[in-house]
Amino acid sequence: TLLLYRDKPQKARELLLITRKKNGDSGLFAAELGSIYLKNNEYQKGIDEFLLAMENEPEKTEEYRNYLQNVLVTTEQMDLLETT
């Protein structure tokens, strides 16, 4: 995720997805990928990844929920979250 913070989110996404596939774990790096998607205005993908992260790491559900509430600020974005 270091690439994400160095303004290379596409490369970070690519590497995380490759690693996920190689490990055979469809939930690996869900929160990191969710953050990347949300920063790129891919809201549905971001929400889906964070819901997956909540399933895989239930102890972090509140943290992820707070993050989504801070990032999804428009009515349309919140409606998408509620619908999903």
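Which residues form one aromatic cluster? They are Phe50, Tyr64 and Tyr67. Keep in mind that the model is predicted.

Start with the rings themselves. Two aromatic pairs turn up in a search of the whole structure. Take Phe50 and Tyr64. Their ring centres are 5.5 Å apart, and their planes meet at 70 degrees. An angle over 60 degrees counts as edge-to-face, so this pair is edge-to-face. The two partners come from distant parts of the chain. Phe50 sits in helix 4, which covers residues 43–56. Tyr64 belongs to helix 5, residues 61–71. Phe50 and Tyr64 are both buried.

Now look around Tyr64. Set aside its neighbours within four places in sequence. Tyr64 then has contacts with Ala31, Phe50, Ala53, Met54 and Glu57. Of these, Phe50 is also its partner in the edge-to-face pair.

Next comes the packing. The largest nonpolar core has 11 residues. Phe50 and Tyr64 are both members. Ala30, Ala31 and Leu38 belong to this core, as do Ile47, Ala53 and Met54. Leu68, Leu72 and Leu81 complete the set. Which elements give two or more residues to this core? Helix 3 (30–39), helix 4 and helix 5 do. Helix 4 gives the most, with four residues.

Finish with the backbone in two loops. Phe29 lies in the loop between helix 2 (9–23) and helix 3. Its phi is near 60 degrees, a positive value in a residue other than glycine. Is Phe29 buried, partly exposed or exposed? Its relative accessible area is 27%, so Phe29 is partly exposed.

Asn41 is the second case. Asn41 is placed in the loop between helix 3 and helix 4. Asn41 is not a glycine, yet its phi is positive, at about 60 degrees. The relative accessible area of Asn41 is 52%. The cut-off for exposed is over 50%, so Asn41 counts as exposed.

Key:
Residues numbered from 1 in each chain as written. Predicted model: local features only at pLDDT ≥ 70, side-chain atom pairs only at ≥ 80, totals over all residues. Heavy atoms only, no water. Phe/Tyr/Trp six-rings, centres within 6.5 Å; stacked < 30°, edge-to-face > 60°. Buried < 20%, exposed > 50% of the residue type's maximum accessible area, 1.4 Å probe, protein only. Core = buried A, V, L, I, M, F, W, Y, C linked by side-chain atoms within 4.5 Å. Contact = heavy atoms within 4.5 Å.
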